[in-house]
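Let's take a walk through this two-chain model together. Have the coordinates open beside you and follow along.

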Amino acid sequence: MPFREVMEAKYRDILTKYIKEQSESTLYIGQKFSRKSIENQVTPEEIISLHKMILQEIYPDMPEYVVHSFDILLEIMLGYGFAYREHQSLRDQQKELRSEIEIAANVQQTLLETKIPSVEGLDIGAISVPARLMNGDYYNFVEDENDCISIAIADVIGKGIPAALCMSMIKYAMDSIPANRNEPSMLLENLNRVVEQNVDRSMFITMFYGMYDYARHVFSYASAGHEPGFYYDGKNEEFSEIYAKGLMLGIDKKTKYRQYEKNIHPGDMIILLSDGVTECRTDEGFVEKETLLNYIRKYIHCSAQEIVNNIFKDLEKLQDFQLRDDFTLIIIKRRV
Amino acid sequence: MENQSCVNIQTEWDIVAARQLGRNVAKELGFGIVDQARITTAISELARNIFIYANKGRVCIEKIYDKGHAGLRIVAIDNGPGINDIRLAMEDGYSTSGGLGAGLPGVKRLMDEFDIVSSKGKGTEIVATKWIR
């Protein structure tokens, strides 16, 4: 039977029982009643009116002042009912919005999907996790006919939906630039022009673009203000920063980018990341570069994909499972 | 019209007069006490809007009958600045948090029917109806 039809009888029952003997068990039944009435969208003012009516029924000689006092209570609780209904409606709207964003996040994932190339002699791992639902980081691998793999990693300053929208544009700009893919500096210069023309002035993008020639094992790269990655020298078991200078994309359309080159030996590693990795924050402050490198050392015997997965898990835990920024980490290992 | 009575809203006391009028008519029509309180609250909100944002205007209460059903209609009219973006004013959380307008979506929820016409610089007319269940 619908709750509204039995509500009156139930409330009368609870009320008379409690007036007879003030037991905790009746109060508990009252609590269950309130849960049911909230579920059925019964408003506070309806309950008060019910209370007044039943009370008058049981005690026809109830003093006038008690009867009148309920008018004040009703008026006051109507205001609460007002606020409560607004809250309900806002909650429904929030739910709707959330599911809309979830769909958008799925669309984004499909748009930005990239496959990690499998090439003999190389072991590549990559992970990218958004802080919220949508990702403002981006990475992309392309394998070409000249025995080269190009690797792009980018970060929009900011996070959430605006950053994610911006990133989807970058992906298509990259796909449509016909420039010679062998030249990371040229690619950044072209992309910079696209970003400068098409993206909101308050939005900046950092990008690292590298080209790994796996026939000669030479890594050439350029950076547009992106968080510097690391190079691991397998022979000496030493890390060093991958230095590359360049202005962020979208600031000045005439920006030129310098290109660098590095020979990669067996056992060496290239580590690329977004600032969500280095800006992992704990109660004690930022995660030190040394801490990050120690994590890499800890898992160095694992496969590249295992290393990035494990580091993400560790850093996530270190931050109490609350990411403050989108997190992207790529490791390219030259097999021994 | 004998079925309609109006209260001019100029001072805060006129809000009380509008409430009283609405409550009396609601009682006469046979609304229960919860609906009486809802109608009064709706009148209160609309009259307050006039008092705060338009300085003056009027609230009229009308008894209406349709196919054997009785209802109460509130008409709130002012010549104030008007509402710039009605869609925004009808959004939950807008008036209560921003301090503009006054709980229009709340008024809409308290009543069965709600209609608003507003033009910038000319004023606002809101018609809200509640039927006896």
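Two strands are said to pair if DSSP finds at least two bridges between them. Helices (H or I, at least four residues) and strands (E, at least two) are DSSP runs, numbered from the N terminus. What you see is a predicted model, in which local features need pLDDT of at least 70 and side-chain atom pairs count only at pLDDT 80 or more, while totals for chains, interfaces and linings use all residues. Residues are numbered from 1 along each chain as its sequence is written, and chains are lettered from A and ligands numbered from 1 in the order in which they are written.

Let's begin with the sheet in chain A. Its 5 strands form an open sheet in the order β1-β12-β9-β6-β7 (chain A), with antiparallel pairing. At the edges sit β1 (122-129) and β7 (238-241) of chain A, each pairing on one side only. From one strand to the next, the twist averages 15 degrees. Look now at β1(A): 8 bridges join it to β12 (residues 327-334) of chain A, and the two run antiparallel. As an example, Asp123(A) has Lys333(A) in β12(A) as its bridge partner. Helix α9 (residues 304-318) of chain A packs on the sheet and touches β1 and β12 of chain A. Contact here means that the C-beta atoms of two residues, placed from the backbone, lie within 7 Å.

Next comes a helix pair. In chain A, α3 (residues 44-58) and α4 (residues 64-112) pack at an angle of about 160 degrees, with their axes 7 Å apart. Axes are lines fitted to C-alpha atoms, for helices over the stretch in contact, and angles run from 0 to 180 degrees between N-to-C directions. The angle therefore makes α3(A) roughly antiparallel to α4(A), a label for angles over 145 degrees. Residues making this contact include Ile48(A) of α3(A) and Phe70(A) of α4(A).

Finally, turn to where the chains meet. Here 12 residues of chain B are in contact with 12 residues of chain A. On the chain B side, α2(B) gives the most, with 5 residues. How far apart are the end C-alpha atoms of α2(B)? They are 31 Å apart, which agrees with the 32 Å that its 22 residues should span at 1.5 Å a residue; the expected span is 1.5 Å times one less than the number of residues. Because 17 of those 22 residues are buried, α2(B) is largely enclosed by the rest of the structure (buried: 20 or more other C-beta atoms within 10 Å of the residue's own, C-beta atoms being placed from the backbone). After α2(B) comes Asn55(B), with a positive phi near 70 degrees.

Definitions and conventions: Parallel < 35°, antiparallel > 145°, perpendicular 65-115°, else oblique. Buried ≥ 20, exposed ≤ 12 C-beta atoms within 10 Å, placed from the backbone.
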